[in-house]
Amino acid sequence: MKAIAILQYGGPEVVEYLELPDPKVGPDSVLVRVKAAGVNPVDWKIRDGHLDGILDVHFPLIMGWDVAGVVQAVGGAVTEFKPGDEVVGYVRKDSVEFGTYAELVSAPVRTLAFKPASLDWAAAGGLPLAGLSAYQGLVKKLRVQPGETVLIHAAAGGVGSLAVQIAKALGARVIGTASERNHAFLRELGAEPVTYGDGLADRVRALAPAGVDAVFDVIGGGVVGLSAGLVADPHRIASIADYGVVALGGQYLFVRPDAADLTELGRLADEGKLTVPVASIFPLSQAASAQALNAEGRTRGKIVLLVD
């Protein structure tokens with residue numbers, strides 16, 4: 001099979017488009033023919049070696065954790081799926097070696113759910129990691145309730161744009177930070193936009209004089225410190241980008257594969273409550289360019305690789 005892999009840590013120059021052996025299929029896994037793979041910041045952070053201290057990595061390393069595709073074969077213990085099923089998954093395994101930037105991936109059933117019928121392949125490929133991050137942050141960490149006001153930092157990005165929609169589906173009022181060029185986009189999603197930068201807290205207070213009930217940070221860069229003065233209970237600040245939130249009394253989230261959560265995201269999509277904004281689509285062979293664009297941190301929505 002063709003795959004995007006690295007043989008050592010480094011920048012975009014170490015990314016290679018290789019012919020590699022087809023993956024084996026264990027008893028609790030299925031073989032997925034990949035149609036699309038989402039590009040996420042964690043992909044190039046792994047490539048750069050930034051997560052070497054916490055992840056067991058083996059080379060050659062096929063990158064990628066997001067997948068949308070079609071089941072080709074199932075392991076001996078699998079009853080959940082059959083060949084021909086269309087699936088999505090956040091295929092994070094116990095070690096990093098056999099990822100989703102490939103024509104084929106072996107995926108444990110615990111990482112998969114049925115593909116939402118309402119999403120095309122590109123949107124489905126961009127859903128898993130970003131959608132699960134948003135869902136687990138808002139539902140499991142912050143426990144957002146109807147009628148509450150939620151502040152979402154970096155609300156126009158891949159995770160943020162999904163978090164806005166999930167918070168709205170939960171019945172919350174959403175204030176989202178973004179550059180001015182993305183304000184109209186946030187209004188379309190149902191959020192009230194505020195601009196980044198000096199005076200941000202005052203701009204949030206102008207919209208919510210009593211402060212907000214919960215804060216979800218997906219960008220880092222010190223915004224959790226600013227957020228502490230906007231929320232009554234610091235435990236209701238959650239971040240996927242700044243572990244320093246814990247020192248403030250808040251909660252840090254490293255998203256987990258969860259088939260039930262992924263199924264719920266699919267339900268929201270098929271009910272018309274959740275779309276996946278796709279900013280750019282690249283062929284698999286141009287994964288290095290896709291990662292470079294993702295690393296700029298200015299993308300509205302998701303960047304996705306399509307596999308022919």
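Predicted model: local features only at pLDDT ≥ 70, side-chain atom pairs only at ≥ 80, totals over all residues.
Local features were taken at pLDDT of at least 70 and side-chain atom pairs only at pLDDT 80 or more, whereas totals for chains, interfaces and linings use all residues. Residues are numbered from 1 along each chain as its sequence is written, and side-chain values use heavy atoms, with hydrogens and water left out.

Four aromatic pairs were found, a pair being rings of Phe, Tyr and Trp (its six-membered ring) with centres within 6.5 Å, stacked if the planes are under 30 degrees apart, edge-to-face if over 60 and tilted otherwise. One of them joins W65 and Y90 edge-to-face, at 5.9 Å centre to centre and 70° between the planes. W65 lies in the loop between β4 (57-62) and β5 (66-74), and Y90 in strand β6 (residues 86-90), 25 residues apart, strands being DSSP runs of E of at least two residues and helices runs of H or I of at least four. Both W65 and Y90 are buried, that is, under 20% relative accessible area with a 1.4 Å probe and protein chains only.

In helix α3 (residues 128-141), eleven of the 14 residues are buried, among them L129, L132 and Y135.

The whole structure holds one cavity of 30 Å³ or more, a cavity being a set of points on a 1 Å grid over the protein atoms alone where a 1.4 Å probe fits but cannot get out.

Definitions and conventions:
Buried < 20%, exposed > 50% of the residue type's maximum accessible area, 1.4 Å probe, protein only. 1 Å grid on protein atoms, 1.4 Å probe; cavity = no way out; pocket = protein on both sides within 12 Å on 5 of 7 lines; lining within 4 Å. Points joined across faces, edges and corners; volume = space filled by probe spheres on them.
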